[in-house]
Amino acid sequence: MNCNALIQLRNLSFSYAGETTLSHIDLEIAASEFVAVIGPSGCGKSTLLRLVSGLLSPTSGEVRVGGEPVAGPGLDRAMVFQDYSLFPWSSCTDNLALALEQTRPGLSRAERRQIADEYLTMVGLAGCGKKLPGELSGGMRQRAAIARALAMNSPILLMDEPFGALDAITRARQQDMLLDIWQSGGAEKKTVLFVTHDVDEALILAGRVIVLGVRPGHIAADIAVDLPRPRSREESVNSARFRALRERLLHELDLAVARQLEAAQTLQEGGGI
Amino acid sequence: MIRAKTRNSYVGAAAVFASLVALYAVLTDLTRTLDPVLFPGWTVILPEMARSSGELLKGLFYSLRLLLPSLAAAVLSGIAVGVAVGMRPKVKAVLMPLFRALNPFPPTMLIPYAIAVLPSFWLSSAAIIFIGVFWPVLMSTLHGIAMLEPRWIDNARCLGLRGRKLIFKVILPGAMPQIFSGIGSGLIFSFILLTVAEMFGAKAGLGFFVQYYADFAEYGKVLGGIVFMSLVVVLIMTLFDRLQRRVLYWTQKR
């Protein structure tokens, strides 16, 4: 077992209301890895992320971050949710400033606001600081959420289908932006755990894709995305390697979905009159 | 856009108000359909109001001196108790049946006790108003906290928000729509309780003014007092609406 892994999941299981969502998950993620978690709906991929974030506690097994067992949420793990990372009653700047207040308590109010605006500028939201999240489009809101996560300067970034609610073009732009930011991170490159249901998104962004199977959720495949870095969307998508990986991922997902349908069928028959 | 809409609604309200005033003028001054002793026309009421303006302003001053501190104390303590209880599910489970039993109890029933137990008229009236406003604010705060979206709590936990910061940055803003509706009901109830309280022993105040002249059958002054009081209530409610719109601006932008 690799002791240098930043995030370690050991024999992790999670049940809720008598139903096992995740069963015997073993996973190690090294520092600066970009890992995508993909699977059909109901496979427990969001649960997995919430276990790493500490919002949920495992039924058995453990999550370790930096060698320490996770007992709850921590500022070393910044979370980006699908569409609600910001408080709707605070302006974007205030939302970022609040996160900064938590991670860097030494800063003055003016410094916090200045840094908040710098991060908003970095994600292309210069001048939008005074707006409420509800006054922005879905894509802009997600950028602000990413800006907040980056401003927190946490070594780990947990992203729960952050672009899932966006239209295709906006989603592609956001992916490019995230890729740019992550690839230019240099030595402090963040460790990212990215939950998605989009195969292309996983391949464009991640260096490794975990496929989760269903009933109960388990790791069905662990695939290295050996596309060269730094990447660009166009080069990646047009390469033969991308297409091969895509085929393989879709095949794995097909298997998982087929098993899910089979299980549902059995359940229905078993429960029939 | 919103401003234009607000202005239109003001114009509409003013038109309805003006029609009612005109209708009353038709029924009294113009046609004398209503009993002229009980329902004197505007030609009587308005001069009476002008003559009593000093008394009315003094009454307003006394009424506000009773109303505002009681209101403020009830709102602040209702929110404080609501937050303290609402954030502790176990405590809430124990206290909720008690709250449900006490909440609908009419504060006016407590008037004899308030007078007997408390040392001054001001204090006993203030206590009655306090109780009337405290319950709706407390219950709506509890409701607002129970209705907080779980994702806001997740978000707060991820940011490590605790204690005062959690309360002032997440719990209170998130529960504010419900809290405001509770304050609104409390405010309306407080006007009713104010006049009731002023009728049982006050030496001044708008409720006292109306009661006092009713005893002398001076209905021009009685109606003048009621009209003046209504104007004050409308003014206070308008200010409250403005405050609410400002604080809850974000709810329109979601």
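Predicted model: local features only at pLDDT ≥ 70, side-chain atom pairs only at ≥ 80, totals over all residues.
View 1. Residues are numbered from 1 along each chain as written, chains are lettered from A and ligands numbered from 1 in the order written, and side-chain values use heavy atoms, without hydrogens and water. The axes of α6 (residues 121–146) and α8 (residues 163–199) of chain B come within 7 Å and cross at roughly 155 degrees; axes are lines fitted to C-alpha atoms over the stretch in contact, with angles from 0 to 180 degrees between N-to-C directions. Helices here are DSSP runs of H or I, at least four residues, and strands are runs of E, at least two, numbered from the N terminus.

**View 2. Helix α4(B) bends by about 40 degrees at B:Leu95**. The bend is the angle between axes fitted to the seven residues ending there and the seven starting there. A proline, B:Pro97, follows within four residues.

**View 3. Six strands of chain A form an open sheet in the order β6-β7-β8-β3-β9-β10, with mixed pairing**. Strands pair if DSSP finds at least two bridges between them. Because β6 (77–80) and β10 (218–224) each have a single partner strand, one side of each has no neighbour in the sheet.

**View 4. Strands β3 (residues 34–38) and β8 (residues 191–196) of chain A pair in the parallel sense over five bridges**. Here A:Ala36 stands opposite A:Phe194 in β8(A).
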